[in-house]
Amino acid sequence: MRTCLVVDDSSVIRKVARRILEGLDFQIVEAEDGQKALEVCKRAMPEAVLLDWNMPVMDGYEFLGNLRRMPGGDAPKVVFCTTENDVAHIARALHAGANEYIMKPFDKDIVAAKFQEVGLL
């Protein structure tokens, strides 16, 4: 079974994402900030990461840079999940190594479409 790391400081968002992604046959691992997410990746690299931008300790942008520099860190498909919708913000995420992005709030159809676009479904 494929694994998706859900990284968000909101337990509600993590719970919603877990429900959606388990319905898409992913095993879910959760982290509430980028630092904890890096620790998860050091133990076992996931196939996918659903990543929030704004978090305490280490934000999504910093996490993504660290992930992409790790051995095997180029493999996971990363989908940024953000409330920011300006083009510069989205371009920065994609330039940093994100494969796709979705806007909050999201639903099952949006997540499934984006995961399909990056080849995870």
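Let's start with E39, which has a relative accessibility of 37% and therefore counts as partly exposed. To be called exposed, a residue needs over 50%, while buried means under 20%, so 37% puts E39 in between. Keep in mind as you look around that this is a predicted model.

Where does E39 sit? You will find E39 in helix α2, which covers residues 34–43. Now look for E100: 61 residues separate E39 and E100 in sequence, and their C-alpha atoms are 23 Å apart in space.

Next, let's visit the loops and their backbone angles. Follow the chain to the loop between α1 (11–23) and β2 (26–31), where D25 lies. D25 is not a glycine, yet its phi is positive, at about 70°.

A further stop is the loop between β3 (48–52) and α3 (60–69), which holds V57. Here too the residue is something other than glycine, and phi of V57 has a positive value near 70°. Is V57 buried or exposed? V57 counts as exposed because its relative accessibility is 68%, and the cut-off for exposed is over 50%.

Our last stop is P105, in the loop between β5 (100–103) and α5 (108–117). What is the peptide bond from K104 to P105 like, cis or trans? That bond is cis, and its omega is near -5°.

How values were computed: Residues are numbered from 1 along each chain as its sequence is written. This is a predicted model: local features need pLDDT of at least 70, side-chain atom pairs count only at pLDDT 80 or more; totals for chains, interfaces and linings use all residues. Side-chain values use heavy atoms; hydrogens and water are left out. Helices (H or I, at least four residues) and strands (E, at least two) are DSSP runs, numbered from the N terminus. Buried means under 20% relative accessible area, exposed over 50%, partly exposed in between (1.4 Å probe, protein chains only).
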